[in-house]
Amino acid sequence: MTAATERRVSSIVLRTLLSASSPPAMATASTLIDDPELADATAYWLTQGGDTRLQLDVQGTNLYGCPPRPDPGLIALGSSTASVVSARGFEAASRLMLRLGADPGCWPGEVDRVRAELLALTGADQVTGTQVVLAASGTDLHLIATQILSPADGEPGAARPLQALMADPSETGSGVPKALAARHFNTVTAQGAQVAPGLSLPGLEMAPARTVALREPDGRPRPVEAIDAEFAAEAERIVRAGGRCLLVMVDVSKTGLVAPSPACALRLRHRWGEQVEVLVDACQFRLAPESVAAFLRQDFLVALTGSKFVGGPAFSGALLLPPAAAARVRRRPLHRLRSYSARGDWPRSWPGARELPGSPNPGLLLRWEAALAELRRLREVPAAAVQDFLREWGAAASARLTDDPVFEPLPVTPLAQSRDWRVASAGPACWDRLPTILPFLPRRREGRTWRPLRPEETAWLHRQMREAQAGDGVPLLAQLRFQIGQPVVCGVRDGQALTALRLCVGARDISAATSGARGPAEALTQARLALDKLAWLIGRI
């Protein structure tokens, strides 16, 4: 695209976004159900069946800044944090509400359908016998994994306590270390129980999770070899001390890293056998179906959510259990999970599910229904077309971040290097070797040097991006509202904490860019406009 064409497209898109009540990227092929009572009911239930992170503040948004209804004026480029429900997803959830209201007895069948669709759309159906466990969030999935991977008294291996080994929590989630130590991580559980964060679940004491840093103190990514070596050494310490290791492999992290490498995880699994269980933390769900299947074939558990890359509303998790793992753990007791899980979240054949509450979780089912609406649409796009768009989007956004001195791209290890054997096994058209999260440090000039913004300045910048700016001298682009990834602490420089923002591309962007009349031009322009607004805001600090 020539510079003149780029400016013309930018001008057209900018005028369209400012004049339209629904930006094209948020448009849906069908008409949203025009029933205020149904919309209110759907919005209400989308906030239920989770913990305090789903509770709405005075602005009507949850902890991630997302409302429970579509926000047509918001340009979503922050899926690494969470997604605002799309019009398409909201309509799908509303239609499911109608079916449940007309026939409450259809509930078990709808849960089975969602579970079957998840198997088909994630690629898990390529591995016959894979089981799906539903959960409210990615953090809940980690807690569930500790329970089903801990042998009951009298079982082989019961004398070897389970201990988790994970990446630095700043790259995953603040509640994950507690969940991986079988401890409560919030004041309220998905089943509505009041609990004390940090206390162990009844009857299971686990040692705190061991962690491995993914970045150097100055924010640069550590070499893959060094990270793998530390994971291997820590896993060996756990096993030789008489324990079993729950190795949590993040793919990908908040800033787009993979650790340890799949090759390292596979080596440790082969060396130690069932003394090392591997859980792939793919809660960002930036994986192609072939990649999910590749993990399952290696007997790795896979944790996914529909609320980030896929574009569903916050709090929809699924744990994929490969057939061998499912056979090992299906008879484990589940009574410790009564506050977190319900009977319908588990396959009907799961014996321990009888110990769980029989009450349904409508919020979880509706959130997954909304996410599946976008995942179905993404799967209609040929893998080669997805790859072409991501390559073009990544090149354009990276060039903009590199060319403007107010931005400092945060280095990320190339995914093709980090994912090694999984990339090779997934085939040349597999799109997930391309980055979909671009982290960067916002900067301002001080004298002759450029200094990264302080954490409080970055937080202000993130909030202001969601607001429409007005007043004399305010450019048109400042009237646009953008969601970008929340600040992530990624290092220290000159005694000051470094906090990175993130520009992300998600499933909805891909679907729109590969099916709309304008093609990728609109998505590329939206990314540039977001960075233009950021640059303008930085100039006001």
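This is a predicted model: local features need pLDDT of at least 70, side-chain atom pairs count only at pLDDT 80 or more; totals for chains, interfaces and linings use all residues.
**Confidence.** Mean pLDDT for the chain is 90. Of its residues, 90% reach 70 or more. Residues 12-32 stay under 50. For that stretch the model has 45 contacts beyond four places in sequence.

**Salt bridges.** The whole structure holds 35 salt bridges.

| Pair | N to O distance |
|---|---|
| Asp51 and Arg53 | 2.8 Å |
| Arg400 and Asp532 | 2.6 Å |
| Arg454 and Glu456 | 3.1 Å |

Arg400 and Asp532 join through their side chains. Arg400 counts as buried because its relative accessibility is 16%, under the 20% cut-off. Asp532, at 26%, counts as partly exposed.

Asp51 and Arg53 are both buried. Arg454 is partly exposed, with a relative accessible area of 33%.

Salt bridges also form a network. Its members are Arg99, Glu110, Arg113, Glu117, Glu369 and Arg376.

**A buried lysine without a partner.** Lys308 lies in the loop between strand 8 (301-305) and strand 9 (317-321). Lys308 is buried but has no salt bridge. How far away is the nearest side chain of opposite charge? That side chain belongs to Asp281, 8.2 Å away. A salt bridge requires the nitrogen and oxygen to lie within 4 Å.

Notes: Residues are numbered from 1 along each chain as its sequence is written. Side-chain values use heavy atoms; hydrogens and water are left out. Helices (H or I, at least four residues) and strands (E, at least two) are DSSP runs, numbered from the N terminus. Buried means under 20% relative accessible area, exposed over 50%, partly exposed in between (1.4 Å probe, protein chains only). Lys and Arg count as positive and Asp and Glu as negative; His and the chain ends are not counted. pLDDT is the predictor's confidence in each residue, from 0 to 100. Contact means heavy atoms within 4.5 Å.
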